[in-house]
Amino acid sequence: MEEKFFYPRLASVVESSVTKEAEAEHHAAKMLIMELKMMPVSSDTYDAKMKVLEEAIMHHVEEEESKMLPEADKLSEEALEEIGKHMEEYHGHAHEDLFEKLLGK
């Protein structure tokens with residue numbers, strides 16, 4: 001949701017490198033998660049990869065909270081409300097899709 005709704009709007013008030021770095025961090029985390037899903041928990045490298053993922057996520061969250069979110073205050077109230085509305089709708093549809101998949105619909 002961040003990549004789809006928040007980062008594009010935030011890019012209008014911050015240097016593009018800030019959102020590009022965040023997107024790269026998301027990509028790296030997705031790749032690690034995919035690797036973890038494909039390997040047995042008993043693998044020699046599973047714990048190490050999990051630790052790297054944990055550290056990457058914590059770093060990403062810290063940067064978002066210290067750099068990105070304060071910059072989001074530069075967005076108008078209307079822009080923030082619009083982002084929130086889109087994220088809520090997207091989140092709701094994602095849950096509906098998951099529920100339907102679980103029920104085999």
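Let us begin with how the chain folds back on itself: among contacts in the protein between residues at least 6 apart in sequence, 64% join residues at least 24 apart, where contact means heavy atoms within 4.5 Å. What you are looking at is a predicted model, in which local features need pLDDT of at least 70 and side-chain atom pairs count only at pLDDT 80 or more, while totals for chains, interfaces and linings use all residues. Residues are numbered from 1 along each chain as its sequence is written, and side-chain values use heavy atoms, with hydrogens and water left out.

Of the 105 residues, 22% count as buried, meaning under 20% relative accessible area, with exposed being over 50% and partly exposed in between (1.4 Å probe, protein chains only).

Now find helix α2, residues 16–38. Its 23 residues reach 33 Å from first C-alpha to last, close to the expected 33 Å at 1.5 Å a residue; the expected span is 1.5 Å times one less than the number of residues. Thr19, Ala22, Glu25, His26, Ala29, Leu32 and Leu36 are buried in α2, and what covers them includes α1 and α3.

Why does His26 count as buried? Because its relative accessibility is 16%. Not counting residues up to four places away in sequence, His26 touches Glu2, Glu3, Tyr7, His60 and Glu64.

Next comes helix α3, residues 46–72, whose 27 residues reach 36 Å from first C-alpha to last, close to the 39 Å expected. A kink of about 40 degrees is centred on Glu64; the bend at a residue is the angle between axes fitted to the seven residues ending there and the seven starting there. Glu64 is also among the buried residues of α3, along with Tyr46, Leu53, His60, Glu63, Met68 and Ala72.

Finally, look at where α1 (residues 2–10) meets α3: their axes come within 10 Å and cross at roughly 50 degrees. Axes are lines fitted to C-alpha atoms, for helices over the stretch in contact, and angles run from 0 to 180 degrees between N-to-C directions. The two helices are therefore oblique to each other, since angles under 35 degrees count as roughly parallel, over 145 as roughly antiparallel, 65 to 115 as roughly perpendicular and the rest as oblique. Glu2, Phe6, Tyr7 and Leu10 of α1 make the contact with His60, Glu64, Met68, Leu69, Glu71 and Ala72 of α3.

Note on methods. Helices (H or I, at least four residues) and strands (E, at least two) are DSSP runs, numbered from the N terminus.
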